[in-house]
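Trainee: I would like to learn how to read a structure like this one, feature by feature. Could you show me the general idea each time and then the case at hand?

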Amino acid sequence: MIGKTVRAFAVTLLAAALHAQAPQYVGSSACKTCHAEVYGRWSKTRMANVVRDAREHPEAIIPDLSKPDPLVTFRKEDIAFVYGSKWKQRYFTKVGDDYFPLGAQWDVTNKVWRPYLVQSGTDWWVPFYPADNMKRPTGPTCDGCHSVNYNVQTKKVTEWNVGCEKCHGPGSEHADRPSRSNIVNPARLDFVHANDVCIQCHSQGRPLKNPIEGRYYDWPVGFVVGQNLKDYWQLEDHTLGQLTFTHFPDSTGHKNRMQGNDFVQSVMYTHGVTCFSCHDMHGTANNADLLKPASVMCLECHGPGSLNGPHATTVAQHTHHEPGSTGNECVNCHMPRIEQTIADVNVRSHTFRFIAPAEAERLKMPNSCNTCHRDKDAAWATSALKQWQNESPWRVAN
């Protein structure tokens with residue numbers, strides 16, 4: 001009996017020692033001393049400011065709540081958190097130790113209020129919650145991606161927003177003894193694990209194990225960067241030819257938060273390109289925190305006459321649009337804005353495929369041409385493509 005007690009005590013001490021040695025989350029402010037320049041840039045990004053406490057930052061609320069609107073049934077005082085600022089802004093109220101979405105959201109582009117209630121037949125998790133915002137806490141559906149170290153038992157976080165440790169892992173050991181060996185740097189990971197750092201939140205899917213603690217979660221609970229995301233998260237399935245809430249029939253994403261679902265299908269991903277080959281999450285002066293303006297960056301790998309294409313002497317010969325025009329920009333053909341974020345406001349696809357109008361017409365989905373040429377139809381676009389003498393007619397027109 002004494003021997004068993006001693007062994008049990010030893011196991012308990014060992015477990016406590018291991019826990020004490022494991023790196024802990026310490027918050028982004030711990031990184032500021034040594035990484036002041038990077039911290040300064042990051043602190044101004046949307047990543048660092050996606051969640052704002054409305055009492056500490058009342059200026060974060062974009063619309064004028066003093067102007068009455070039938071959709072707005074809440075007061076400024078009811079708002080605990082403000083979510084988002086670029087495309088849409090949502091508002092969460094706090095009840096007990098949970099947050100809940102209020103019933104109206106602000107369309108930033110069109111400057112109008114729109115209702116906010118996730119409808120049935122949309123997200124996979126909808127059947128597991130009542131059709132009442134006040135019975136759909138944001139912890140399982142939102143908060144894990146908009147915070148660092150969300151604890152599903154306590155509903156506490158190390159910090160709100162996408163802080164340093166969301167991408168670099170728990171940093172206590174590194175803060176105490178800075179070394180390359182005791183922090184995760186996604187740039188030193190293989191391309192699969194590196195991209196998983198971003199895909200953990202920029203993808204539609206579901207945890208492999210659900211429910212967790214009695215709730216259904218829409219983010220990879222338990223995942224820490226450097227681990228295998230596939231052990232925690234499954235991307236939303238799709239069958240070619242079907243139009244679903246998440247996918248167009250060709251498997252391109254149908255809605256926002258599908259960048260990862262798109263990207264893993266791309267030739268870029270196959271060849272080891274990472275999200276941060278194009279984006280700097282610490283912040284830049286360019287749209288979407290791109291390293292350089294889009295067409296400048298694209299042409300560093302895809303210059304005219306290069307092995308990676310385009311197979312033309314100039315970009316204009318490839319695009320058949322004048323230099324400096326919208327149609328001459330790489331992203332407008334290869335990353336068309338077809339993925340809905342709110343109402344008629346769309347974000348760019350990330351498969352990098354040119355979506356031919358004839359194929360899109362067969363599949364009843366948007367194409368790369370008519371997202372700009374909105375006064376024309378797919379037949380006009382197909383006819384125009386057939387006149388392009390330096391391109392395969394089977395590549396662009398069918």
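Trainee: Is Ser 325 buried, partly exposed or exposed?

Mentor: Bear in mind that this is a predicted model. The idea is to look at relative accessible area: under 20% is buried and over 50% is exposed, with partly exposed in between. Ser 325 has a relative accessible area of 22%, so it is partly exposed. You will find Ser 325 in the loop between α10 (315–319) and α11 (330–334).

Trainee: How far apart are the C-alpha atoms of Ser 325 and His 247?

Mentor: They are separated by 30 Å, and the two residues are 78 apart along the chain.

Trainee: Let me try another serine. Is Ser 368 buried or exposed?

Mentor: Use the cut-off again: Ser 368 has a relative accessible area of 2%, so it is buried. Ser 368 lies in the loop between α12 (357–363) and α13 (378–385).

Trainee: Which backbone atoms does the side chain of Ser 368 reach?

Mentor: For a polar side chain, check for N or O partners. The side chain of Ser 368 reaches the backbone oxygen of Cys 333 at 2.7 Å. A polar atom of that side chain also lies 2.9 Å from the backbone nitrogen of Ile 355. Setting aside neighbours within four places in sequence, the contacts of Ser 368 are Asn 332, Cys 333, Pro 336, Arg 353, Phe 354 and Ile 355.

Trainee: Now strands, please. Which way do the side chains of β5 point?

Mentor: In a regular strand the side chains alternate between the two faces of the sheet. In β5, Ala 104 and Trp 106 point one way, while Gln 105 and Asp 107 point the other way. All of these residues are buried.

Trainee: Which strands pair with β5?

Mentor: Strand β6 (residues 112–115) runs antiparallel to β5 (residues 104–107), and 4 bridges join them. Strand β3 (residues 88–95) also pairs with β5 in the antiparallel sense, over 2 bridges. Asp 107 stands opposite Val 112 in β6.

Trainee: What should I look for in the hairpin of β5 and β6?

Mentor: Look at the backbone angles. The hairpin has 4 residues between the strands, and Lys 111 takes a positive phi near 55°.

Trainee: Which residues make up the largest nonpolar core?

Mentor: In soluble globular proteins, nonpolar side chains tend to be buried together. Here the largest nonpolar core has 12 residues: Ala 54, Ile 61, Val 72, Phe 74, Ile 79, Val 82, Tyr 91, Leu 102, Ala 104, Trp 106, Val 108 and Trp 113. Beyond its neighbours within four places in sequence, Trp 113 is in contact with residues including Pro 63, Leu 65, Val 72, Phe 74, Tyr 91, Ala 104 and Trp 106.

Trainee: And helices? How many residues of α6 are buried?

Mentor: Count the buried positions, then ask what covers them. Helix α6 (residues 191–199) is mostly covered, with 7 of its 9 residues buried. Those are His 193, Ala 194, Asn 195, Asp 196, Val 197, Cys 198 and Ile 199. They pack against α4 (164–168), β10, α7 and α8 (267–270).

Trainee: What caps the N-terminal end of α6?

Mentor: Asp 190 does, with a side-chain oxygen 3.0 Å from the backbone nitrogen of Val 192.

Trainee: Where is Glu 236 found, and what does its side chain join?

Mentor: Glu 236 is in the loop between β10 (233–235) and α7 (259–263). A polar contact of 2.9 Å joins its side chain to that of Arg 206.

Trainee: Finally, how does the radius of gyration of the protein agree with a compact globule?

Mentor: Start from chain length: with 398 residues, a compact globule would have a radius of gyration near 21 Å, and the protein has 24 Å, which agrees. The C-alpha trace spans about 90 × 55 × 40 Å along its principal axes. The secondary structure comes to 14 helices and 12 strands, and buried residues make up 41% of the 398 residues.

Methods: Residues numbered from 1 in each chain as written. Predicted model: local features only at pLDDT ≥ 70, side-chain atom pairs only at ≥ 80, totals over all residues. Heavy atoms only, no water. Polar contact = N/O pair within 3.5 Å; in protein donor to acceptor, adjacent residues only side chain to side chain. Pairing = 2+ DSSP bridges. Rg over C-alpha atoms; globule rule 2.2 N^0.38 Å. Buried < 20%, exposed > 50% of the residue type's maximum accessible area, 1.4 Å probe, protein only. Core = buried A, V, L, I, M, F, W, Y, C linked by side-chain atoms within 4.5 Å. Contact = heavy atoms within 4.5 Å.
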